[in-house]
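Open the model in your viewer and switch to a cartoon display. Keep the selection panel at hand.

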Amino acid sequence: MFERDNQSQLNQYLSGKFDAKTLKDSARLWNNFTTDYKPLVDFAKDKKLNFIATNIPRKYASQTAKEGLESLNNLSEKEKTYIAQLPIKVTLDTPGYPEMKKMMGDHAEEMKVMNFISAQAIKDATMAESILKNLQAGKMFIHYNGNYHSKEFGGIYWYIKQKNPNVKMTVISVFESENPELKVPEKDYIPTDFNLIIPSDMTKTY
C-alpha cells in the first residue's frame, strides 16, 4: 500500500521525525490507511522494524494501462528507480492474468486488454523486486497485498520465483464465507499454503 517514491516520508515517520499528520500530508495514503494499515506501521515503529514501500507509484501503472508497457522506457533515470527494472516479462501463463483477460470480455480490444494486464504485471514485478532487494539473511519479510497479487501463486510470487527460484515463500490467502461453519464455496476456493476464512459480514472499513 506504500509506493516506492514515498519511502523517505515513511522512514521519517518510523524514526519519529514526522507525526501522523505530516505523513498523511506528504505521502499518498489509501482511504482506509488509518483503520487498516496504520496499526501495522505503528507496530513496526514501536518494534524498530524496517517497513518497505514496495509498490510502483500509481501514475506509472495508470500510464501503462493507457499507453502500454513500452511507454515506461521514456521515464527519466530517477523515475525508473521507482519501478521494476525493464523489460519485464508479461505472459498469460501467469496465474490470475487469464482471469483478468476473461473479465474484460471476448470483444475487448486486444491491445487494451494487454495494457490492462501489463499494468497489473508492472505492479507485481515492482513489488517482487522490492522484496528481493530488501531480503535479509536470517530474517522474515512479511508482505501485505491484495489477494489478486499472489492468487494461485501468481503475481508477486511468480515474479520472485522468476528472479530467484530458491527463495522460500509462503502465501496466505483470505476468503470470505457466508457459511456459519466458515466453509468457502468450492467454485471460489483455490488454496495456497495457508487459507484464512473470514465471515462475509465481518466489519468493512471501505
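In which hand, left or right, does H7 cross H8? The crossing is right-handed. Keep in mind that this is a predicted model.

**Stop 1: H7 and H8**

Now show side chains. On H7, pick Ala121, Asp124, Ala125, Met127, Ala128, Ile131 and Leu132. They meet Gly155, Ile156, Tyr159, Ile160 and Lys163 of H8. Colour this contact by class: nine residues are nonpolar, one is polar and two are charged.

**Stop 2: H4 and H7**

Select helix H4 (residues 58-67) with helix H7 (residues 110-134). Here the axes come within 7 Å and cross at roughly 155 degrees. That angle is over 145 degrees, so H4 and H7 are roughly antiparallel to each other. This crossing is right-handed. From H4, the contact takes Ala61, Thr64, Ala65, Lys66 and Glu67. From H7, it takes Asn115, Ser118, Ala119, Ile122 and Lys123. The classes are four nonpolar, three polar and three charged.

**Stop 3: the second largest pocket**

Thirteen are nonpolar, five polar and two charged. Finish by selecting helix H3, residues 33-47. H3 gives the most to this lining, with three residues.

Conventions
Residues numbered from 1 in each chain as written. Predicted model: local features only at pLDDT ≥ 70, side-chain atom pairs only at ≥ 80, totals over all residues. Heavy atoms only, no water. Helix = DSSP H or I, 4+ residues; strand = E, 2+ residues; numbered from the N terminus. Nonpolar A, V, L, I, M, F, W, Y, C, P; charged D, E, K, R; others polar. Axes fitted to C-alpha atoms, helices over the stretch in contact; angles between N-to-C directions. Parallel < 35°, antiparallel > 145°, perpendicular 65-115°, else oblique. Left-handed = near helix turned anticlockwise from the far one by under 90°. Contact = heavy atoms within 4.5 Å.
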